[in-house]
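Visitor: Please take me through one part of this model in close detail. I would like its setting first and its neighbours after that.

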Amino acid sequence: MNQKCLVLLMLVMALTACKTSRDLDVDVSDIKIKPVDIHRYEKAVFNLKPDFSAAEVVSLHEKFPFFVDEKIDSSELFALKAYVNDPVNRDLYKAVTEKYADAGDIENELEQMFRHMKYYFPRFKAPKVYSYVSSLSYDNSMLYLDSVMIIGLDMFLGSDVSFYSMAGFPRYVSRWFVSERIVPSACNAMVSPMIPKTQNPSLLDYMVQQGKLLYVMDAMMPWKADKFKIRYTDAQIKWMKEYEIYVWGLIVDKELLFSKERPMIKSFIDDAPFTSSISKEAPPRIAQWLGWQLVRKYMNENKDVSIAELIRDADHMKILKKSRYKPAREARR
């Protein structure tokens, strides 16, 4: 039996699959985690006098060792002064202090996410959390380095602030520069390195890898709305639920599920305003959504599989088969 026939057979089998559900809203009240205190580096450094000395900078080392060394040379001092005195950075700092005068809500939500991490991974140790002004660096808006987490608060000021359009961020990206995305971004940064990556992945490999990531995010943040995990608007989620069966059928019909040809599958993977190969209404990164629903179905159908076992399992064909996955429902005609 060829791969296409096997997938079609599984689609038929899925029609008789029973509906099950795994409750991820677990009780973590007894999980011991040190209260999260976000160390505000941006406040410390932007409150220095404009012509600060090397000694004043070094005095920050004990509280902010990730940012400040015990000794700094003249070139490092010059670079820090240029950063602090840059007009755009100062405007960003002002906006950050206005938006996040109190970071208590973020700290509480991070603490809850860390409790769930420790529930599922008992050896987990919560990182020390810092915030800073990233100079609108998208790639450095959330950094996780084992025992340290760094949050660029200037990348979470709100979707309509002028900084983002002036910096050239497209709307489909900047609409997610909101406070509700801070903890999902942190969770993503922590979980993503845990997911084994397939060399030269097929579309199925990519789907399952992304599905694992989003499912683990489900488990770590059961209170969080799906749209903030996957970065879909309400309208995009509605579209996917209505047309999921047709998108899945298209992928199977065109024999793309096992394709490793990047030009053939890129429109289902890449971030964009929409999926150009389908329609302007189709959300981007459709493979993420499909993989997410597939892995959710797999974990509901196989309740003996733990989160850790899901992460380790590299047999994506087995996960597909045992998921008995079928799209949520047909589109209304």
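Guide: A contact here means heavy atoms within 4.5 Å. The model is predicted. With that in hand, take tryptophan 239. Tryptophan 239 sits in helix α12, which covers residues 234–253. Its relative accessible area is 13%, so it counts as buried, the cut-off being under 20%.

Now the neighbours. Leaving aside residues up to four places away in sequence, tryptophan 239 touches Glu244, Val247, Ile278, Ser279, Glu281, Ala282, Pro283 and Ile286.

Tyrosine 41 gives a sense of distance. Tryptophan 239 lies 198 residues from tyrosine 41 in sequence. In space, 42 Å separate the two, C-alpha to C-alpha.

Next, the setting. The protein has 16 helices and 4 strands. Its C-alpha trace spans about 75 × 45 × 35 Å along the principal axes. Of the 333 residues, 51% are buried. Take the contacts between residues at least 6 apart in sequence: 69% of them join residues at least 24 apart.

Aspartate 30 lies in the loop between α1 (3–14) and β1 (39–40). Its relative accessibility is 64%, so aspartate 30 counts as exposed. Together with Asp23, Asp25 and Asp27, Asp30 forms a negative surface patch. The accessible surface of the whole protein comes to about 16,900 Å², and carbon and sulfur atoms hold 52% of that. As for charge overall, there are 48 positive and 44 negative charges, and their mean positions are 6 Å apart.

Key. Residues numbered from 1 in each chain as written. Predicted model: local features only at pLDDT ≥ 70, side-chain atom pairs only at ≥ 80, totals over all residues. Heavy atoms only, no water. Patch = residues over 30% accessible without salt bridge, like charges linked within 9 Å, V, L, I, M, F, W, Y side chains within 5 Å. Areas by Shrake-Rupley, 256 points an atom, 1.4 Å probe, with all protein chains shown as cover. Salt bridge = Lys/Arg side-chain N within 4 Å of Asp/Glu carboxyl O. Lys, Arg positive; Asp, Glu negative; His and termini not counted. Charge placed at Lys NZ, Arg CZ, Asp CG, Glu CD. Helix = DSSP H or I, 4+ residues; strand = E, 2+ residues; numbered from the N terminus. Buried < 20%, exposed > 50% of the residue type's maximum accessible area, 1.4 Å probe, protein only.
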